Amino acid sequence: MSISIETSVATERPADFDAKVMAHHSALKSRAWRITKNEGVANDLVTDTVILALKRWQSYRAGPTMWPWLCLTMKECARDNWAKMQRVIKTTSNDIAMMNASTPPSQYHSLVLRDALRSLDKIKH
């Protein structure tokens with residue numbers, strides 16, 4: 001005797017889920033603008049939020065409104081974008097510092113260094 005238990009896991013996103021997400025699009029744009037104060041960055045944040053929400057549709061727990069879940073998704077996207085931007089800024093500033101630190105040798109600098117070393121040798125003796 002065997003007992004069979006069937007579990008139903010939805011593998012396809014319901015069409016009405018997409019509509020519910022997109023119903024919040026203008027509110028997401030307003031929120032993104034308040035966070036970023038930049039229209040282009042705000043539009044990118046909304047796009048990232050919608051994409052992530054559609055990818056993670058199974059983690060949404062139906063409730064009276066989808067808004068809090070979308071806000072948390074946007075917060076996660078904003079945090080990830082901020083971290084990426086900080087890595088780029090750090091890398092770029094390090095590259096600039098290295099470019100400024102390395103100056104091509106010149107005959108003038110060589111002469112100045114030679115004179116400075118001679119002056120130091122005279123002080124030691």
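**View 1. Helices α1 and α3 in the predicted model cross at roughly 155°.** The axes of α1 (residues 15-23) and α3 (residues 39-55) come within 11 Å. Axes here are lines fitted to C-alpha atoms over the stretch in contact, with angles from 0 to 180 degrees between N-to-C directions. The two helices are therefore roughly antiparallel (an angle over 145 degrees). Helices are DSSP runs of H or I, at least four residues, numbered from the N terminus.

**View 2. Phe 17, Asp 18, Val 21 and Met 22 of α1 meet Val 50, Ala 53 and Leu 54 of α3.** Contact means heavy atoms within 4.5 Å. These residues divide into 6 nonpolar, no polar and 1 charged. Ala, Val, Leu, Ile, Met, Phe, Trp, Tyr, Cys and Pro count as nonpolar, Asp, Glu, Lys and Arg as charged, and the others, Gly among them, as polar.

**View 3. Met 66 sits in the loop between α3 and α4 (67-101).** Met 66 is buried, at 4% relative accessible area (buried is under 20%, with a 1.4 Å probe and protein chains only). Leaving out residues up to four places away in sequence, Met 66 touches Phe 17, Lys 20, Val 21, His 24 and Tyr 60. Met 66 and Lys 20 lie 46 residues apart in sequence, yet 7.6 Å apart in space, C-alpha to C-alpha.

**Notes to all views.** Residues are numbered from 1 along each chain as its sequence is written, and side-chain values use heavy atoms, without hydrogens and water. The model is predicted: local features need pLDDT of at least 70, side-chain atom pairs count only at pLDDT 80 or more, and totals for chains, interfaces and linings use all residues.

Conventions: Parallel < 35°, antiparallel > 145°, perpendicular 65-115°, else oblique. Buried < 20%, exposed > 50% of the residue type's maximum accessible area, 1.4 Å probe, protein only.
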